[in-house]
Amino acid sequence: MNKYQLKITPYELSIRPYFAYMPKIRLFVILFVLVFSSLIFFHNLLDADIVRIVIATGVILLFYIIYDYLFHVNVRFLFDKSTRSIYRVNLFKKRLMAFDEMTILTNSEYGDITYIMGRKKNQFVKNYTISAAFGTSKKHQAREKEYIEQILNPILEFVK
């Protein structure tokens, strides 16, 4: 369960639930490099309109890479015992809720289950996904059981 980057100290617990985006970002970086390096070699053989389309595709891919890296992979939820609060740390540190306000629920979309965290009073209005999607296959159920044992239970024990 290294894809969640769970770190526990006596005073803090941090989890990066979107760290699993990293292989996808690496793949897109490789595609970006291949697109622009092939453009350098085949520039004279391609029509100007094709070159523009390839450049536009590469720029869109670059923006997608940057967006996913900044706003998904770097998101970290910090459970701080000294303030008994939960923070979302990305570019800035934002306080989300206190420990006693937190509730963890399951969310089901398109047949897949994810675990979400929200405030007890408005957990359906504003919530935060803290797991990947788990399907109904045996492999997904085994991953969900592993997630519950290695990630979710330590979070619940830390918050108590």
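Predicted model: local features only at pLDDT ≥ 70, side-chain atom pairs only at ≥ 80, totals over all residues.
Close-up 1. D49 is partly exposed, with a relative accessible area of 46%. Its salt-bridge partner is R52, and the closest N and O atoms of the two are 2.9 Å apart. R52 has a relative accessible area of 56% and is exposed, since the cut-off for that word is over 50%. Side chains of opposite charge can pair when their charged atoms come close.

**Close-up 2. A salt bridge links R119 to E101.** Here the closest N and O atoms are 3.6 Å apart. R119 belongs to strand β7, while E101 lies in the loop between β5 (93–98) and β6, so this pair ties together parts that are 18 residues apart in sequence. R119 is partly exposed at 32% relative accessibility, and E101 is also partly exposed, at 29%.

**Close-up 3. K160 and E157 form another of the four salt bridges in the structure.** Their closest N and O atoms are 3.9 Å apart. If you look for this pair on the model, note that both K160 and E157 are exposed.

**Close-up 4. Strands β6, β7 and β8 make an open, antiparallel sheet.** The order of the three strands is β6-β7-β8. At the edges are β6 and β8, each of which pairs on one side only. On average, neighbouring strands of this sheet are turned by 35° against each other, direction ignored. Strands of a sheet pair through backbone hydrogen bonds.

**Close-up 5. The hairpin of β6 and β7 has two residues between its strands.** Strand β6 (residues 102–109) and strand β7 (residues 112–119) run antiparallel and are joined by eight bridges. Within this pairing, I104 stands opposite M117 of β7. Look out for Y110 in the hairpin, which takes a positive phi near 55°.

**Close-up 6. On to the pairing of β7 with β8.** Three bridges connect β7 to strand β8 (residues 127–129) in the antiparallel sense. I116 stands opposite T129 in β8, and the bridge partner of M117 in β8 is Y128.

**Close-up 7. A nonpolar patch lies on the surface.** Its members are I40, F41, F42, L45, L46 and I50, which together have about 680 Å² of accessible area. Helix α1 (residues 22–42) supplies the largest share of the patch, three residues. I50 has its place in helix α2 (residues 48–73) and counts as partly exposed, at 39% relative accessibility.

Technical notes: Residues numbered from 1 in each chain as written. Heavy atoms only, no water. Pairing = 2+ DSSP bridges. Helix = DSSP H or I, 4+ residues; strand = E, 2+ residues; numbered from the N terminus. Axes fitted to C-alpha atoms, helices over the stretch in contact; angles between N-to-C directions. Patch = residues over 30% accessible without salt bridge, like charges linked within 9 Å, V, L, I, M, F, W, Y side chains within 5 Å. Areas by Shrake-Rupley, 256 points an atom, 1.4 Å probe, with all protein chains shown as cover. Salt bridge = Lys/Arg side-chain N within 4 Å of Asp/Glu carboxyl O. Buried < 20%, exposed > 50% of the residue type's maximum accessible area, 1.4 Å probe, protein only.
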